[in-house]
Amino acid sequence: MPILDTPRAWYKRWLRRRIPPSQSVTLNQRRIFILPTGYGLLFLAVAAALFIGGINYENNLLLTFSFFLASLFNVAIWHTFRNLSGVTLQAGGMREGFAGSAGALEVRLVSHVRHGHTGLWLQWPGSVEREVSVKAKEQQAVWLDVDLPKRGKVFAERLRVETRFPLGLLRAWSSVDLDHWCLAWPRPIESVECPAGGGDDDEGEHSRSEGNEDFDGIRPYVPGDSLRSIHWKSLAREQGLNTKLFSDPSEGRRWLDWDRLQGLDPENKLSRLCWWLLELDRSNNPYGLRLPDTEIPPAIGPEHKQQMLRVLALYGES
Amino acid sequence: MQDVIRQAVTAVSTVVLGKEEQIRLAVSCLLARGHLLIEDLPGMGKTTLAHALARVFSLDYRRVQFTSDMLPADILGVSIFNPQTREFEPKDGPVFTQLLLADEINRATPKTQGALLEAMEERQVTLDGVTRALPEPFFVLATQNPVTQAGTFPLPESQLDRFLMRLSLGYPSAEMELKLLSGSDRRSQAVNLAPVVSREQLMAAQQAVDDIRASRDLIDYIQRLLAHSRSAGIFVAGLSPRAGLGLLRAARAWALTGGRDYVIPEDVQVVLGPVVEHRLQALSGGAVATATQKLLEAVPVVRRQ
Amino acid sequence: MARVYQVPQHAFIWLMTGAVMASLPHFLTGPAWLPLFVITTQVWRILVQRGRLRMPAKITRAVVLVGAVAGTLYTYGTLLGPEAGIVLLVCTFNLKLLEMFKLRDAYVAIVLCYFVIATALLSRQDLLISLYVFAVLGVITAALIGINQPEANIRARQQLKYSLVLVLQAMPLMIFLFFVVPRVPPLWDLPIQKKGAKTGMSDSMAPGEVSSLSRSAALAFRVDFKGEPPPPEERYWRGLTYSWFDGTRWSQAVPNDLPQAEYMAYPGERNRDWYREVQRQQVGKKYNYQIILEPTRRRWLFALVTPFTEQRGIAFARDSRLINADPVRDVLAYRVESFTEMPRGENIPDWEKAFNLRLPEEGNGRTRSLAQRWRTEAGSDEAFIRKALSWFREEEFYYSLEPPLLTGQQIDDFLFRTRTGFCEHYASSFAFMLRSVGIPARIVAGYQGGELNPLGTHLLVRQYDAHAWVEAWLPGKGWQEFDPTAMVAPERVRLGLAAALEAQNDESFATFNDLVGISGLPLLKDFMSALDYAEFQWLKLVVDYDTDAQKGVLQKLLGDVSPMRIALLIGAGLGVVAAAMGLLLFWQSRSVPLNWWEKEYWALYKGLQKKGIPVSDDLGPLALARLATAHSATSQPAAKAWLRLYNDAAYRTAYQDKTTSGVALSSEDRRNRLKLRKFRKEMLRLI
């Protein structure tokens, strides 16, 4: 334990004790801090100037005016506090991303009380602020971008919730740890050799084989389809541009295999698997995945891709 | 009405032994106008259940065995050129029935699966630009092998959402197995079952489901379940609004099979697993059933102050 | 270039309304170019918001600012001092509206706006301006709320509503602070000039001057009597005395070499012999009243005869008057105790006697000789005075607002030729006659009469009540009041000027009525008197709430006033306000309350828990009832009944039927609630 502690670290520890991490935090007087803003101080300075003016001119109304400003400031304390109080922040869903880019986390705000919450600003340290208002007894969800520096679970920092409504003279804020994490997929690294073996072993050799054996029909051409899969015959019959559809027999499917990547560190392996996974998905090839502790049978489709990416992202994590 | 439904459940139970709850759920699913997915190993009595349901509810019944070489046309039908009339004539596929047993649906390619699921959702089929409505009632009972089996195409999540419930019959208990072994062939028994519910009665019961009361308190409970599924980090993605509507509909139907004209929280709790588990993925990678259980435990039935 | 901050449309409405409203009062006091300046900048600002114009460039803004400074310098000759300062403030504030590039600028503009409207209170403090300022506060606060609400789809009305809530909630603490925060004496002196010097008494008087005063209906002062006010003919409000006469003009004067201590005594200096003597002779009827004097920019105060006051800064003058330490620039309230008889000055100092006997060496011979003849005939001063007064009553003298001009020997001309005059003519000639026969005499200027406000006990004394009369010193009796005008026109004293003019059939009566606007609609008159009453109370209670009044309030609250107790009171007040706000907050932050059946569920839940039965909150009512039955079969009937009732309440009702809160329970609900409670208790008892 460090004897000399930076105030920042001390503050963090204190905050952790005061507002422990939880997936659902209701803001109350224990968790809300409030201080005047610069404008609040300017406002008080105007009140003070008017007070001195009132005294010097022996002007009761000027004095009353300065009392009014002070009083309004006092009312603003309560209203600003109230605006934040009673809102429940909940960790919501996540949108994964590749390591090195950004993902997003959802924060849900639920009002359990009889008053609404106007102009709440949510922010992770160092990221873009988002403004949200919640009506009484309703809920709102906000997606906040979060940087993903490394693969795996990336835990979000404390979320700062702040409001200056109604008068902007005071800032009420809280800093909550929603125990919230975002999944970072491995950063894809291109590699020439596909670390995959199919039913036929030699399939693994050619890296980007079309490998589509069974002609299954045609469908209208969609921009982006490979030129090689265009059904030229139908074009010749003046039926327009069509794309050939193939269905793979189960034997032609590929297994992306961890063990085929030798002599690389695990992160690098995952990155290469990831790149190939995306590549195979793009070229509509069914693929499976073999990791030391998991095996996912080959399939194709967006859900399958998601699942595979998730498995890669969580590899080695508890 | 309730008596008829109870008799139907009892009748089906005489062929599908010891699965009272699953049968009641399956009937509820039928009453709620939902489609049913049964996930089981082969030979667990899925076909028998389908047969029995069809008989008891006096429904037309067709069975389609899905294979990987199946094309959409094999299910939906095709237009055939008639040399006599020199016109294309539609030839209906097996989907034009009241109860379709789609056996081992995950053996078919995603495309074929998709064709069926679209028909299920829209309750109509479009062939060569001609749209034709499917019969009323229309009920699909699909069976699926556990995904880990080789040679299967797992149903994508978006498609799974179209099934109101997913059930698993499971192995019978020892006692029931004994009874099963000593009795005659279940499937032929099922074919010989006497109809209990007429088509009109079924339609009326489906209508009645919509009239089952769901109080504000109950809807509030469902809403809290949905909200919690979305927020608590148990699942990869929370329950969709469609899932919520399905949950309410299933709970209503379950209440009806229980002889009540209003829904209580226990109805929701019973149908929650079958209705939501196939739509969710546990975030921690564990079993969805455990996560669903966690969800139930985390949400109080009655609001706390 | 960074994106220019755009004030949200809903806030902009309030910002501009607030800006116009805050600038408006300064149009009345500021220079003529100020409205032009303000309107130009604001129209510009509106065009900018509409996208028709751009914000002016830096150089343009600088030029305009320099222009405003030059204009101020031209108008006031200085940039220092409150008047010039306020004009500069209004200008810079309006310019700030054209310099709104960031949210920060909007904040600064709004805070400045508070300042601008506050300065309006420097020149006026009446009820009207106070209400106006209050309204402006509501608008400015709405603008402040608006710029903190960035959403676009908000109705501006909501902000005003919220702003009024805030303003009203700020009131209690403001009022509390107003009453208890100690009034500190001025830190430094900052005189402020006010425009529109009003008509009023001046420190000298020549024929025709008081009558010109009488053409104004402006308020001179208000009087609030504790108890019954004196009858009209006794309402002589003395303001100042004129002792010096130069042949035409009477002036206020004291001998040059006389030390101030000889004729003025402030509250701390009351041990002087002459003052003590005055104080000893408090005779006659006592009146206790408070006067709220409109600004006069003079030092003298008005009061009934022999006025005493303990108010700080007000001196008692030897000629039985009250004098303020400084010219009265703002409305001034002072409390007076008056004794209706003049102090019986047995001795009059020589200087005073000599001073009040002085006459020019020559002039007005006819008057002098007439007076001296009467004095010899009368034999005593008293008899002479009676003779002179009866002469005024019996001869053909006329009372008029428009007397003919006097020429030559003015007093002779009046007494023997024109014989038509206003009070100053009669007072002047009567005092002249007295002096010419050796009776010390002086002229008193002030007001006579006053109209009782029908709503309150207070009197309104207006400029047209201005009056002049005479005081003469008689041995053994001291100074005595004589009003020759009352001899000519008795209605003047009893019924007021209008009645007197009417009785005299004076043609100026019609003009006077037009001027003063007396003949109004009765309804309007009622309204005006109600307004006046409110104004009067406002001035009395708020504007002139001073250290003394505060002492009174604090004494009532605390008993004994000490700094410690005041501090405690302020602390307690703040505590009460904090507690009240906290309570309000707590009240509004309550969760949506549970229904009676939901409470019942939790009661059973806790009941079972107490019995040691493990329960969890994912068990529905049915499960709870089953649990109870499982532990004790005998509780089954109660459990069944409880469950039935519970389901009826919570689940059997359709979604639309019942809302969760805010609906009063029906009698059926209440019965069911009781039954539910009964079954629960029975169930728990049996376990």
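**Packing, helix pairs and backbone features of the predicted model**

In chain C, residues 24 or more positions apart account for 72% of the contacts with a separation of 6 or more. The structure described here is a predicted model. Chain C has 687 residues, of which 51% count as buried, and its secondary structure comes to 25 helices and 19 strands.

Ile566(C) belongs to helix H21, which covers residues 563-588. With a relative accessible area of 13%, Ile566(C) falls under the 20% limit and is therefore buried. Leaving aside residues up to four places away in sequence, Ile566(C) touches Val180(C), Pro182(C), Leu554(C), Leu558(C) and Val561(C). The C-alpha atoms of Ile566(C) and Val180(C) lie 7.3 Å apart in space, although the two residues are 386 residues apart in sequence. His26(C), in turn, is found in helix H1, residues 9-29 of chain C. Its relative accessible area is 2%, so His26(C) is buried. Not counting residues up to four places away in sequence, His26(C) is in contact with Leu34(C), Ile86(C), Val90(C), Val116(C), Thr119(C) and Ala120(C).

In chain C, the axes of helix H3 (residues 58-76) and helix H4 (residues 82-96) come within 10 Å and cross at roughly 160°. Because angles over 145 degrees count as roughly antiparallel, H3(C) and H4(C) are roughly antiparallel to each other. Their crossing is right-handed. On the side of H3(C), the contact involves Arg61(C), Val64(C), Leu65(C), Ala68(C), Val69(C), Thr72(C) and Tyr76(C); these meet Glu83(C), Ala84(C), Val87(C), Leu88(C), Cys91(C), Thr92(C) and Leu95(C) of H4(C). By class, this contact has 10 nonpolar, two polar and two charged residues.

In chain B, helix H12 (residues 265-276) packs with helix H13 (residues 288-298) at an angle of about 145°, and the axes are 10 Å apart. H12(B) passes H13(B) in a right-handed crossing. Gln269(B), Leu272(B), Gly273(B) and Val276(B) of H12(B) make the contact with Thr292(B), Leu295(B) and Leu296(B) of H13(B). The contact of H12(B) with H13(B) has four nonpolar, three polar and no charged residues.

The backbone shows several features within loops. A cis peptide bond, with omega of about 5°, joins Phe165(A) and Pro166(A). Pro166(A) is located in the loop between strand E10 (159-163) and strand E11 (170-176) of chain A. In chain B, the peptide bond from Glu136(B) to Pro137(B) is also cis, and its omega is near -5°. The loop that holds Pro137(B) runs between strand E7 (130-133) and strand E8 (139-144) of chain B.

Positive phi values were found in residues other than glycine. For Glu104(B), phi is near 50°; this residue lies in the loop between strand E5 (99-103) and helix H5 (110-122) of chain B. Glu104(B) has a relative accessible area of 14% and is therefore buried. For Thr306(C), phi is near 20°, and the residue is placed in the loop between strand E8 (300-301) and strand E9 (307-308) of chain C. Thr306(C) counts as buried because its relative accessibility is 1%.

Cysteines were considered last. A disulfide is a covalent bond between the sulfur atoms of two cysteines. Cys274(A) counts as buried, at 0% relative accessibility, and Cys423(C) is buried with a relative accessible area of 0%.

Conventions. Residues numbered from 1 in each chain as written. Chains lettered and ligands numbered in written order. Predicted model: local features only at pLDDT ≥ 70, side-chain atom pairs only at ≥ 80, totals over all residues. Heavy atoms only, no water. Buried < 20%, exposed > 50% of the residue type's maximum accessible area, 1.4 Å probe, protein only. Axes fitted to C-alpha atoms, helices over the stretch in contact; angles between N-to-C directions. Helix = DSSP H or I, 4+ residues; strand = E, 2+ residues; numbered from the N terminus. Parallel < 35°, antiparallel > 145°, perpendicular 65-115°, else oblique. Left-handed = near helix turned anticlockwise from the far one by under 90°. Contact = heavy atoms within 4.5 Å. Nonpolar A, V, L, I, M, F, W, Y, C, P; charged D, E, K, R; others polar.
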